[in-house]
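Colleague: I would like a close look at one part of this model, a single side chain and what surrounds it. Please take it step by step and give the cut-offs as you go.

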Amino acid sequence: MNYGKAIKTIRAAKGISQKELSKELELDPSYLSRIEKGERIPSVELLEVIAKKLQIPLYLFMLLSSQKEDIKGVDEKDLQKI
């Protein structure tokens, strides 16, 4: 799972800076930066808070975080539907 890439993508699409999001989450900006770079893996609880702050359902956030190896065995047609 690449949570950082998903956070960065959603955040950028919504026009929210890393500094703004870290302030809303009450996180040190360097910690959020490390998550986005893949240097830190956030807890499930923090992922839920991040998804809520970004106003995206957790299931969609998790789907956006998925990488090819995470979705092995899923039919290609089903992936295209998603």
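Modeller: Arg11 is found in helix H1, helices here being DSSP runs of H or I of at least four residues, numbered from the N terminus. The model is a predicted one, in which local features need pLDDT of at least 70 and side-chain atom pairs count only at pLDDT 80 or more, while totals for chains, interfaces and linings use all residues. Residues are numbered from 1 along each chain as its sequence is written, and side-chain values use heavy atoms, with hydrogens and water left out.

Arg11 counts as buried because its relative accessibility is 10%; buried means under 20% relative accessible area, exposed over 50%, and partly exposed in between, with a 1.4 Å probe and protein chains only.

Two polar partners can be named. The side chain of Arg11 reaches the backbone oxygen of Ile16 at 2.9 Å, and a polar contact of 2.8 Å joins the side chains of Arg11 and Glu36. A polar contact is a pair of N or O atoms within 3.5 Å; within protein, one must be able to donate a hydrogen and the other to accept it, and residues adjacent in sequence count only if both atoms are side-chain atoms.

Contact in general means heavy atoms within 4.5 Å. Not counting residues up to four places away in sequence, Arg11 touches Ile16, Ser17, Gln18, Leu21, Glu36 and Leu54. Two of these, Leu21 and Leu54, are among the residues with the most contacts inside the largest nonpolar core, which has 17 residues. Such a core is a set of buried Ala, Val, Leu, Ile, Met, Phe, Trp, Tyr and Cys residues joined through side-chain atoms within 4.5 Å. The elements that give two or more residues to this core are H1 (3-13), H2 (18-25), H3 (29-36) and H4 (44-53).

Glu36, the side-chain partner of Arg11, is one of the buried residues of H3, together with Leu32, Ser33 and Ile35. These four lie on the same side of H3, because they cover an arc of only 160 degrees around the axis; the arc is that of the directions from the helix axis to the C-beta atoms. The cover over the buried residues of H3 includes H1, H2 and H4. After H3 comes Gly38, with a positive phi near 85 degrees.
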